[in-house]
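Biologist: I'd like to learn how to read a fold from its coordinates. Could you walk me through one?

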Amino acid sequence: MKESSEKADILVVEDEDNIAIALNYLLTREGYNQTRLSTGAGAVELIRSRKPDLVLLDVMLPEVSGYEICQSVRADPECSGVRILMMTARGSAMERRKGLAMGADGFISKPFELKELREQVRKILAGELATLPQEGIADA
């Protein structure tokens with residue numbers, strides 16, 4: 001467990017540079033330690049070796065999908081403390097349910113407001129479990 005004075009270690013797995021830049025800005029401003037991968041390849045191995053406090057995980061990635069990464073991490077008992085916030089441009093309720101069913105701790109639709117993401121990150125790091133709010137979810 002991290003010391004209370006230590007900020008959380010966050011792994012960002014995101015292939016879109018513009019989103020990664022926004023995430024870098026937010027996470028740096030909040031004081032989190034962070035690392036970025038721009039592809040799904042190697043993500044599971046990095047998560048297993050580093051055991052970050054939180055993974056911001058894009059669903060649609062080159063080589064390995066975010067769903068596959070989430071499922072692999074959840075199948076590893078040594079990674080049980082790693083929290084996962086999935087991010088996708090496909091913001092349907094079905095996608096959200098799929099991500100949560102695979103073990104994600106939260107799910108956020110792109111484009112997202114930085115304030116919304118900051119709140120999600122704080123809640124997940126505080127151990128608050130994801131729910132399925134009905135407002136703002138479109139089954140497009």
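**Reading the fold**

Modeller: Start with the running order: from the N terminus on, the elements of the protein chain go β-α-β-α-β-α-β-α-β-α. That gives 5 helices and 5 strands. Keep in mind that this is a predicted model.

Biologist: How do the strands sit in the sheet, and how are they paired?

Modeller: Sequence order and sheet order are separate things to look up. Here the 5 strands make an open sheet in the order 2-1-3-4-5, with parallel pairing. Strand 2 (33–37) and strand 5 (106–109) are at the edges with a single partner strand each, so one side of each has no neighbour in the sheet.

Biologist: Now the interior. What should I look for?

Modeller: In soluble globular proteins, nonpolar side chains tend to be buried together. In this chain of 140 residues, 43% count as buried. The largest nonpolar core has 20 residues, and V13, I47, V55, L57, I69, I84 and M86 touch the most other members. Strand 1 (9–13), helix 2 (43–50), strand 3 (54–58), helix 3 (66–74) and strand 4 (83–88) supply at least two residues each. Helix 3 gives the largest share, 4 residues. Apart from this core lies another one of 17 residues, including I10, V12, I19 and L27.

Biologist: What is I84 in contact with, once its neighbours within four places in sequence are set aside?

Modeller: Its partners are L54, V55, L57, C70, V73, R74, A104, D105 and G106. For the whole chain, take contacts between residues at least 6 apart in sequence: 65% of them join residues at least 24 apart.

Biologist: C70 is on that list. Are C70 and C79 buried or exposed?

Modeller: Both need to be under 20% relative accessible area to count as buried. C70 is at 0%, so it is buried, and C79 is buried as well, at 1%. The disulfide count comes to 0.

Biologist: And the side chains along a strand?

Modeller: In a regular strand the side chains alternate between the two faces of the sheet. In strand 5, G106 and I108 point one way and F107 and S109 the other, and all are buried.

Biologist: Where is Q120 found, and what is it in contact with beyond its neighbours within four places in sequence?

Modeller: Q120 is in helix 5 (residues 114–125). Beyond those neighbours, Q120 contacts L85, F107 and I108. Q120 and F107 are 13 residues apart in sequence, with 8.6 Å from C-alpha to C-alpha.

Notes:
Residues are numbered from 1 along each chain as its sequence is written. This is a predicted model: local features need pLDDT of at least 70, side-chain atom pairs count only at pLDDT 80 or more; totals for chains, interfaces and linings use all residues. Side-chain values use heavy atoms; hydrogens and water are left out. Buried means under 20% relative accessible area, exposed over 50%, partly exposed in between (1.4 Å probe, protein chains only). Contact means heavy atoms within 4.5 Å. A nonpolar core is a set of buried Ala, Val, Leu, Ile, Met, Phe, Trp, Tyr and Cys residues joined through side-chain atoms within 4.5 Å. Two strands pair if DSSP finds at least two bridges between them. A disulfide is a pair of cysteine sulfur atoms within 2.5 Å.
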